[in-house]
Amino acid sequence: MTALLLALASSLAYGCADFLGGLSARGAHVLRTVVIAAPASLAVELALWPFLGAHWSPAALAWGAASGAASAAAFALLYRTLAIGPMSVLSPITALVSAVLPVGLGLAQGEHLTTYALLGLPLALIAVVLVSAGPGSGASRPSRTALLLALGAGAAIAAQLICLHQAPPTAASPRSSPAAPSPPPSS
């Protein structure tokens, strides 16, 4: 249940941050928006670290740093995208690209999709088309630059996710206290 609540909170935070970042980039230069948004997100993460009760290996930190660099690029590209084009069209395109690229890489590396995932991929494409073609979208078609930026933002988000996936499985293992006894092995 805790994982579900954390995932929901994370999704809400990302959605709000992206929407507000796109709005901010309409009135200010995109780099000014990123210079404020990136450290703010890092501050939230640093504030949560004491509550996570985990330690990170050098490999996990390296993949995390690569993910952070991709995240910074994603911020800049996404906020610029949302500043110059219709959010209702460009945001779903970015989301689709950011989902399809990691799935494609996983498939290329030999992973297999469940039946639900196989059904979900075409549904995601259909959802992007329906959302992008919704009421009022005909008046504001995105420019070629906006579409390219949306694709770039999606690719940067995908790179962020791929880097996080590459971190070792024990990247955030709970700290063990020398005074705490180990649990007995299960039979």
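## The second largest pocket

With five residues, α4 supplies the largest share of the lining of the second largest pocket, in a model that is predicted, where local features need pLDDT of at least 70, side-chain atom pairs count only at pLDDT 80 or more, and totals for chains, interfaces and linings use all residues. Residues are numbered from 1 along each chain as its sequence is written, and side-chain values use heavy atoms, with hydrogens and water left out. A pocket here is an open set of points on a 1 Å grid over the protein atoms alone, where a 1.4 Å probe fits and protein lies on both sides within 12 Å along at least five of seven lines, and its lining residues have an atom within 4 Å of a point.

The second largest pocket holds about 150 Å³ of space, a volume being the space filled by probe spheres set on the points, which are joined across faces, edges and corners. Of its 13 lining residues, Pro102, Val103, Leu105, Gly106 and Glu111 are the closest to its centre. By class, this lining has seven nonpolar residues (Ala, Val, Leu, Ile, Met, Phe, Trp, Tyr, Cys and Pro), one charged residue (Asp, Glu, Lys and Arg) and five polar ones (the others, Gly among them).

## The largest pocket

The largest pocket contains about 2,000 Å³ of space. Its lining is made up of 44 residues, and those nearest its centre are Ser10, Tyr14, Glu45, Gln160 and Leu164. Two or more lining residues come from each of α1 (2-27), α2 (30-52), α3 (58-84), α4 (87-108) and α6 (144-166), with α3 giving the largest share, 13 residues. The lining divides into 32 nonpolar, ten polar and two charged residues.

## Helix α6

The helix α6 has 23 residues and spans 33 Å from its first C-alpha to its last, close to the 33 Å expected at 1.5 Å a residue, where the expected span is 1.5 Å times one less than the number of residues.

## The whole protein

The protein has six helices and two strands, these being DSSP runs numbered from the N terminus, with helices (H or I) of at least four residues and strands (E) of at least two. Along the sequence they follow the pattern α-α-β-α-α-α-α-β. Of the 187 residues, 26% count as buried.

Definitions and conventions
Buried < 20%, exposed > 50% of the residue type's maximum accessible area, 1.4 Å probe, protein only.
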